[in-house]
Amino acid sequence: MTNNNTHPVHQWFALDIEEVIADIDTNSVQGLSEPEASSRLEKFGPNKLPERKQEHPIIRFLKHFHDVLIYVLFAAAIITAVLGHYIDTIVIVIVAIVNACIGYFQENKAEKALENIKKMLSLKAKVIRDNERTEILATDLTLGDIVLLSPGDKVPADLRLIRADNLKIEESPLTGESVPSEKITTTLNAETVLGDQKNMAFTSTTVSSGTGIGIVVAIGKDTEIGKINEMMTSVEELTTPLLRQTAKFGQTVSFFTVFVALATFLFGYFLRNYDTDELLMSVIGLAVAAIPEGLPAILSIILAIGVQNMAKRQAIIRNLPSVETLGSVSVICSDKTGTLTKNEMTVQSLAIYDTDFTVSGIGYSPEGKILSDLTEVDATTTPDLERLVHCFYICNEATLGKDERDNWTVKGDPTEGALITLYHKANTHTPKYERLSTVPFDSEYKYMATLIAVEGMNKKFIYIKGAPDRLLDMSDREQRSEATQPFNRNYWQDKISEFAHEGQRVIGAAYKIVDPDTTQIDHEDVQKNVVFLGLAGIIDPPREEAIDAIKICKEAGITVKMITGDHVETAKAIGKTMGIGDGAHALEGKDLEQMDDEALKKAALQYNIFARTSPEHKLRLVNALQASNLICAMTGDGVNDAPALKKANVGIAMGIKGTEVTKDASEMVLADDNFSTIVSAVKEGRRVYDNLKKTILFVLPTNGAESFLIMASIIFGTMMPLIPVQILWVNMVTSVTVSLALAFENIEKGTMKRSPRPVNTPLLSNYFIWRILLVSVLIGGGTLWLSVILLNKGFSEDLVRTITLQTIVITQLFHLFNCRSIRGFAINRWFFTNKALYIVGILLFIFQFFITYSPFMNRIFGTVPLAVSDWVYPYILGIAVFIIIEIEKTIMRKLSAPSSGN
């Protein structure tokens, strides 16, 4: 033992048992003594993962003020307070707090992945200490402990197995294997990958059958789960494209605002005879006008609406920006087992001599038929087929039933469960029989045998099922048309190769007639004179809806890549069936390990199927794809997927079969475990992004118009048309009412036919900038022209400001209809489909009526009641803006091809 507080890490699977015992200094029979176990527990620490420091909720809340736009607002609040305009100060601060609250409650993501990994550690462990069997807390396990494994146990630490009696362990959450791993104790090659380390048992996996004994060789952070945990803590969380774009946009707007405000102040101070306090308030008004302070809130609300829509489609979004990110995904990296496939073994093919059959239906549900040349076969009229099905059913330890969700499940080995399902599909019945003796499946012999006595027959049968190569060696006859014939080994070898090439796991069946006095059997009884019955080809079937979803992804320009821990031939066959890859080309984990980052970057683009991968491989592949400026989504359900899910731009976990670790490391959870739900989510994401762009196209001209109005007023030396508190009212009322309607716009035609937008696409295209400037000048210039006319007519300043406020709001309402389609004609057959437009329109009128005619609001915002005739001005200008923009859109459609949402 070493003197430091960790044990040297070895490739324990590559050491023989004696070396392991000597190196870790234990006794495989007596186990550790209690004093030694206590000493090691103190030295190496408990069998649990390190605690992660949680960020205080107050800190998370305050981070929502960390925005350059908010900093400018606070600066404006401080200046207004110094100048004694406390109402302006209070309103500005309230606006900032409201925005922060919306962001906190909508975007607060509780990272529970590490805590849930800890929950995966077994609570109890059966060990040998001081030569006695005892049960202890899993956290009290230490290096060198001897652990006993039984069916149903969760492995409590990483173990090097020293005994394995028909031991099978379900490792799909860790390795991605679709069938339980058959465990052995012999030494393995040092190059053996994780999925093939059959002499090891890993934390979080579950014993499905058999018993075993293992030596604890890794605990806590040094286990394979611990390594995944370390990878997750080291994974840098990505900022979504929208957040990057809005952050850059905020910086640009802030710099421009400060620059223009300073330049305007200097112009007004030196070239116009303004009072300093009045000029400062005007410049503050300019700054407040230019800043779209309501934009963060409205973006959060629109994303939240997208989250609700996705939830209705069984896609649960865990953080808001991921809604938009889904719309820009260009590649989906998918785990195979349980994601593209059902993780329910299914008999797909059957073979008796000279006849092949296919079996319809997938999963454990006993619904399906046995077909030959697309014609249903009655097993009761095909004796050889019926005997084959009976053999698989009788020589079996599994049971089929329904769980609390009314889903068909198997208790026992999944492969045996598939054979039980086959029996029910065949719609046949075994004669009454009694099971007398069984030779259980053993990984050394690779078969199971059962002795039965059939009622009314003066002979007994041994039914055998197992690895076909072993049964070929045992057989000297074969069943043909109710008779036995000499065994044609070459025929069956070719058939086995044919099934295997199609990615099927092949199981053979045989029988032997024995003396009626036989009551017990062992391995020697089945080594010769066996009659070969046939084969079953078993697969983990693709989800049928996932195949259609992959086709839609291709139409949308999205590449789907399969990254699995399963065998390469299986992966290629499943991939070809689903439309991923060509069935011939794939890379294995061992190939990836030989590549540097640059070579991997090219391979990640070239290949679509990656097999026998480890968690490290999946993480590297995601990194490689992101290095090529691709927006990457990663799906999965096992613990082994968690680091890659966390690293991906959008991590997508399975909700039913996914582990809690996977769900909490992801941005989205599929509540129905349906890959096709991803397509619905991508569609919704694209709709949300398009509507966000429309919202920006609507909101920013409000700020632009107000800024233009104030700058022009200072330049021309006229009255300030709006005071800061009125500007805040206009900004917020257009954001929290009118602009919300655009969040409910339907998806535009052809949205799922266009390619994903490039990762560096700016938030504002050149056309957007042109449109924002045009509308800003139209509304701002028109309102200034109107205010000058009204002042010349002798209207009071408060009355002019009230009409100006109403004019900007109402012209924006008209402009809202322009924005429903960025380049299309506003008045069309879908004009009345978005009911939200009319609801928010009514709300807007209520708000505007309240600010105009409520004495309380008049005092706060400096407004006065309007006569009926005064409302004519805002509506005339609003109609004019609507018509001019529609003319501009018509001209632009003719000058360039339409582009939805860009």
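A residue is classed as buried when its relative accessible area is under 20%. By this criterion Cys553, at 3% relative accessibility, is a buried residue of the predicted model. Cys395 is buried as well, with a relative accessible area of 0%. A disulfide would require two cysteine sulfur atoms within 2.5 Å. The cysteine sulfur closest to that of Cys395 belongs to Cys391 and lies 5.8 Å away, which is too far for a bond. The structure as a whole contains 0 disulfides.

The protein comprises 902 residues, of which 57% count as buried. Its secondary structure consists of 31 helices and 28 strands. Among the contacts with a separation of 6 or more, 72% involve residues 24 or more positions apart. The accessible surface amounts to about 37500 Å², and carbon and sulfur atoms contribute 57% of this area.

Helix H25 spans residues 676-716. Its 41 residues extend 60 Å from the first C-alpha to the last, close to the 60 Å expected at 1.5 Å a residue. Of these 41 residues, 34 are buried, so H25 is largely enclosed by the rest of the structure. Just after H25, Gly717 adopts a positive phi of about 70°. Helix H28, formed by residues 797-819, has 23 residues and reaches 32 Å between its first and last C-alpha, close to an expected 33 Å. In H28, 20 of the 23 residues are buried, and this helix is therefore also largely enclosed by the rest of the structure.

The model holds 30 salt bridges. One of them joins the side chains of Asp145 and Arg129, with an N to O distance of 2.7 Å. This pair links distant parts of the chain: Arg129 belongs to strand E1 (residues 124-129), whereas Asp145 lies in the loop between strand E2 (132-137) and strand E3 (146-149), the two residues being 16 residues apart. Asp145 counts as buried because its relative accessibility is 0%. Arg129, at 8% relative accessibility, is likewise counted as buried.

Arg687 and Glu684 are both buried. Salt bridges with shared partners also join Asp25, Glu36 and Arg40 into one network.

In the salt bridge between Glu376 and Lys369, the closest N and O atoms are separated by 3.7 Å, and the pair thus falls within the 4 Å limit applied to such interactions. Lys369 is partly exposed, as its relative accessibility is 42%.

On the surface, a nonpolar patch is formed by Leu262, Leu266, Tyr269, Phe270 and Leu271, which together present about 550 Å² of accessible area. Tyr269 is located in helix H9 (residues 241-271). With a relative accessible area of 43%, Tyr269 is classified as partly exposed.

Terms used:
Residues numbered from 1 in each chain as written. Predicted model: local features only at pLDDT ≥ 70, side-chain atom pairs only at ≥ 80, totals over all residues. Heavy atoms only, no water. Helix = DSSP H or I, 4+ residues; strand = E, 2+ residues; numbered from the N terminus. Buried < 20%, exposed > 50% of the residue type's maximum accessible area, 1.4 Å probe, protein only. Expected span 1.5 Å × (residues − 1). Patch = residues over 30% accessible without salt bridge, like charges linked within 9 Å, V, L, I, M, F, W, Y side chains within 5 Å. Areas by Shrake-Rupley, 256 points an atom, 1.4 Å probe, with all protein chains shown as cover. Contact = heavy atoms within 4.5 Å.
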